[in-house]
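Colleague: I am new to this structure and would like to learn how to read its salt bridges. Please show me the model.

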Amino acid sequence: MKTLIEPFKIKMVEAVRQTTEKERGKILKDVHYNIFMVEAEHILIDFLTDSGTGAMSDRQWGAVMIGDESYAGSRSFFKFEKAVRDIMGFKHIIPTHQGRAAERILFSMLAKKGQAIPNNTHFDTTRANVEYNEAEALDFVIPEGQIPEKIHPFKGNMDLAKLAEFLKKNHQKVPIGMTTITNNSGGGQPVSMENIRQTAKLYKKYNIPFFIDACRFAENAYFIKLREKGYGDKSIPEIALEMFSHADGCTMSAKKDGLVNMGGFIALNDDRLAMQARNLLILTEGFPSYGGLSGRDLEALAVGLREVLGEDYLKYRLRTAEYMGEKLIEAGVSIIRPTGGHAVYIDAKHFYPHIPSSQYPGQTLVCELYKKGGIRAVEIGSVMFARKQKGSKQEKPAVMELVRLAFPRRVYTQSHFDYAIEVIIETFKQRKKARGFEIVWEPPFLRHFTAHFKPVSG
Ligand SMILES: *Cc1c(COP(=O)(O)O)cnc(C)c1O
């Protein structure tokens, strides 16, 4: 059959509320055109993020009811520990409340002033935790990974030549090496097994511990199955185990491929480092058998980590982004290609060629999608990244003006996506009428969350 259906049926529903275009126009104005400030109640389809927004299964909710809330040595912890160990093969498993807590612990042990930590691309929180410890966060993704329209099967790959050259000269100041699967900041693009293997080999050559940022490991494993020679007949658990066999440990935000709304962990083999991590964990997260999570959270996570490996699920997951991508390209909308695992990224510069970067075309698109269809997306462009230059009123614009639509796991159906596609295409047809924005107020850091905007008069 050509029709790919959602590999689940619905047992519980949550109503979404329709609003009119007029109401949404007023709401936008009231929040100074900042989509982060719109109450979720007023959003019809929320593509703000795929993090912690997924739907749990009946089995996960069933597991929630048998959570063991013992302070120490909870039965739920051992189930969680076994799931992670079965899937990833690491010796020590340490739960945390989410991914950045795992990162904070890892880098406060390993990153120091004057050191550098390579990655294909550091995710925001990873970079922030490296920099908080005064080390440098370096990105070595292949050049293809930075060109939106460039087709490459593994656009998240590490540039091995560049990494090799860097390590040759600087290996003494590298306390840990990383790779992120899939490469979130680069559009959810996968990393090949061969690239993971070669990256590990380079780090090993200099005795540098190699950790994987594993947030979307299952999506990455399925891309390997689809695209890498020799993996077509392997199962997802086999591929996952092989990916992690090359690493000394990982950090994970379980809010992604853990299929839960909150959770994370560090997994690693080194006994001494694990002991140190547990001591730090006790300081801020809690006892090592719960690490900031309830017993019921650990139960749901133990089930989610196994469910995410299901091929029917992964096929539907990856196909969702691909399907939306195909329809948008057909209509002439420019996106990052090929589509990654968890999101579609629209090129807002191409969408609105008449709006210069200084008037934030991505911001315009985010507002128009909300006004037209109640859809929430996020700007990843000059609102987020442009910086004022010293001694000038002008900003240096971001390299790309993107709008990301990230997909919650198992939440929306095909007709939700068809609706979203229609909204985007309608918005595209009316693109000439759209106007840019100016920022009328901004905070000193991370302005995209709270800045106030005003449409430019024209
Ligand atoms: C989400 C994410 C993190 C941080 O995890 P949180 O659970 O949000 O703290 C780290 N790395 C990557 C690649 C992510 O996508």
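This is a predicted model: local features need pLDDT of at least 70, side-chain atom pairs count only at pLDDT 80 or more; totals for chains, interfaces and linings use all residues.

Modeller: Residues are numbered from 1 along each chain as its sequence is written, and side-chain values use heavy atoms, with hydrogens and water left out.

Colleague: How many salt bridges does the structure hold?

Modeller: Side chains of opposite charge can pair when their charged atoms come close. A salt bridge is a side-chain nitrogen of Lys or Arg within 4 Å of a carboxyl oxygen of Asp or Glu. The structure holds 30 of them.

Colleague: Which residue does arginine 317 form a salt bridge with?

Modeller: Its partner is aspartate 50, with the closest N and O atoms 4.0 Å apart. Arginine 317 lies in helix α12 (residues 311–330) and aspartate 50 in the loop between β1 (45–46) and α2 (58–64), 267 residues apart. Helices (H or I, at least four residues) and strands (E, at least two) are DSSP runs, numbered from the N terminus.

Colleague: Is arginine 317 buried or exposed?

Modeller: Buried means under 20% relative accessible area, exposed over 50%, and partly exposed in between (1.4 Å probe, protein chains only). Arginine 317 is buried at 5%, and aspartate 50 is buried at 2%.

Colleague: Where do aspartate 86 and lysine 82 lie?

Modeller: Both are in helix α3, four residues apart, about one turn of the helix. Aspartate 86 is partly exposed at 36%, as is lysine 82 at 48%.
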